[in-house]
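Please open the model in a viewer and keep the selection panel at hand.

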Amino acid sequence: MKRERRYAGTKEAAETMDFQYYTPTRVVFGRKSEEQVGALVRAQGCKKALVHFGGGSARRSGLLETVERSLAAAGVEFTELGGAQPNPRLGLVRQGVELCRAEGVDFILAVGGGSVIDSAKAIGYGAANEGDVWDFYNFVRAPKACLPVGAVLTIAAAGSEMSDSSVITNEDGWVKRGYSNDLCRPKFAVMDPELTMTLPEYQTMCGCADILMHTMERYFGREAPMGLTICMAEALMRSVMENARVLLAAPDDYEARAQVMWAGSLSHNGLTGCGGDGGDWATHKLEHELGGLFDVAHGAGLTALWGSWARYVYREEPARFARFAEKVLGVAPQESEEATALAGIEAMEAFYRAIRMPTTLAELGVQPTDAQIEEMAEKCSVTARGALGKFRPLGKADMAAIYRAAR
Ligand code: NZQ
Ligand code: ZN
């Protein structure tokens, strides 16, 4: 690992290991934990809550009814806004902001997955600040506040229930942008692993892929995180892979659901990056453009791109990829670090195929034209505001080459 070779025991090592770890979210984890939501919202001291949800799964499963019964029993007044869709849209966010202002909402309860929680966070920014909420995602200005947000999580994936970020798609130009700020970190996250058992297999596996990727992005920063973090990251990734395989065969396995759900939060609340440089995030940013233009599921977009990114960059530091191959994927050391690194990339792609995730854009069902590839690379370089990623900083031509190699 680069840190061990270059920095071990030096003042520089100490400095690159400095970090802040801020996780203000109360986690309420376990069977039927959703029945506590009324008391949790009540404890926030709010006057009126907005219950925000998605396209219907929460209503169909009866969860919404349970949540609203719990709110009523705790004496919490609320109003509803459904319809947040995967790759949540700015249009609904603006509608939510108006609703909050009109109804005097001072707390947002997201009932759903990353898309609903991200939409709730955006509504929270919009309602707590003057002007247009897109300004924050467009990096024009920074919000001063965010309405408090709580989450009842129904899919283990994005990690938004503890993260500082929110990703929104602007229908005007189909631009998908993430914005990160501690202000939006949820006050609480209610996690009942049983709620994830109604997920279709595809969404469960997309979730596992995204969880893995949140730790992989941090693992492949310019500098690796500190040794303890690396070991925790490797254990987390092995656990998610093992439990994803269990869930393929037994989607109702509570223990596997529980481990994946907790991994989803730990993978994106900062823990697996402590003592590192923040991570690479190129695969994520490249995927966000795919999601914006083609409306694909985020986790599947990531697996379709990752191999192409990895092959494009691994020569920067084959030892990092070789360690990943050995410790996470159980690959035996080959004749050289490079060979082990490549065998690891292949093993990761074999895992993706085993959980029925795509490893190319064609398998994802997307066939971008050359012009669309240029468009995504252009938009991505605007979002990156400079070179993209840290492991090997990428320019626009590199991004286009990675998209092309993924076809
Ligand atoms: O809308 P409903 O009907 O609820 O259906 C959803 C949706 O179709 C369904 N679903 C969720 N829970 C279910 C269920 N179906 C049956 N039973 C349940 N228990 O699953 C579909 C996907 O839901 P979504 O919320 O879109 O999934 P996910 O949590 O993967 O969120 C994806 C979004 O999060 C963003 C992604 O870019 C994408 O827009 N991300 C957010 C991050 C963050 N805020 O920190 C980080 C991530 O890297 C990611 O970018
Ligand atoms: Zn992600």
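This is a predicted model: local features need pLDDT of at least 70, side-chain atom pairs count only at pLDDT 80 or more; totals for chains, interfaces and linings use all residues.

**Stop 1: the ligand and its shell**

Select ligand 1 and display the residues around it. There are 31 of them, and Gly55, Ser57, Ser115, Asp118 and Ser163 come nearest. Sorted by class, this shell comprises 20 polar, eight nonpolar and three charged residues.

**Stop 2**

In Asp118, a side-chain N or O atom is 2.7 Å from a nitrogen atom of ligand 1.

**Stop 3: the end of strand β6**

Move to strand β6, which spans residues 165-170, and select Thr169, which belongs to this strand. Is Thr169 buried or exposed? Thr169 is classed as buried because its relative accessibility is 1%, below the 20% cut-off. Beyond its sequence neighbours within four places, Thr169 is in contact with Asn87, Pro88, Arg89 and Leu90, and also with Trp174, Val175 and Lys176.

Now select Asn170, also in β6. With a relative accessibility of 10%, Asn170 likewise counts as buried. Residues up to four places away in sequence aside, Asn170 touches Leu90, Trp134 and Val175. Its side chain also reaches the backbone nitrogen of Asp172, at 2.9 Å. For a sense of distance, draw a line from Asn170 to Tyr125: the two C-alpha atoms are 16 Å apart, and 45 residues separate them in sequence.

**Stop 4: the nonpolar cores**

Which residues have the most contacts inside the largest nonpolar core? They are Trp306, Trp309, Phe321, Phe324 and Met348, in a core of 99 residues. Centre the view on Met348: neighbours within four places in sequence aside, its contacts are Leu212, Met216, Met241, Trp306, Phe324 and Leu329. Another core, of 21 residues, lies apart from the largest one; Ala58, Phe107, Val111 and Val152 are among its members. In soluble globular proteins, nonpolar side chains tend to be buried together.

Technical notes:
Residues are numbered from 1 along each chain as its sequence is written. Chains are lettered from A and ligands numbered from 1 in the order in which they are written. Side-chain values use heavy atoms; hydrogens and water are left out. Helices (H or I, at least four residues) and strands (E, at least two) are DSSP runs, numbered from the N terminus. Buried means under 20% relative accessible area, exposed over 50%, partly exposed in between (1.4 Å probe, protein chains only). Contact means heavy atoms within 4.5 Å. A polar contact is a pair of N or O atoms within 3.5 Å; within protein, one must be able to donate a hydrogen and the other to accept it, and residues adjacent in sequence count only if both atoms are side-chain atoms. A residue is near a molecule or strand if one of its heavy atoms lies within 4 Å of it. Ala, Val, Leu, Ile, Met, Phe, Trp, Tyr, Cys and Pro count as nonpolar, Asp, Glu, Lys and Arg as charged, and the others, Gly among them, as polar. A nonpolar core is a set of buried Ala, Val, Leu, Ile, Met, Phe, Trp, Tyr and Cys residues joined through side-chain atoms within 4.5 Å.
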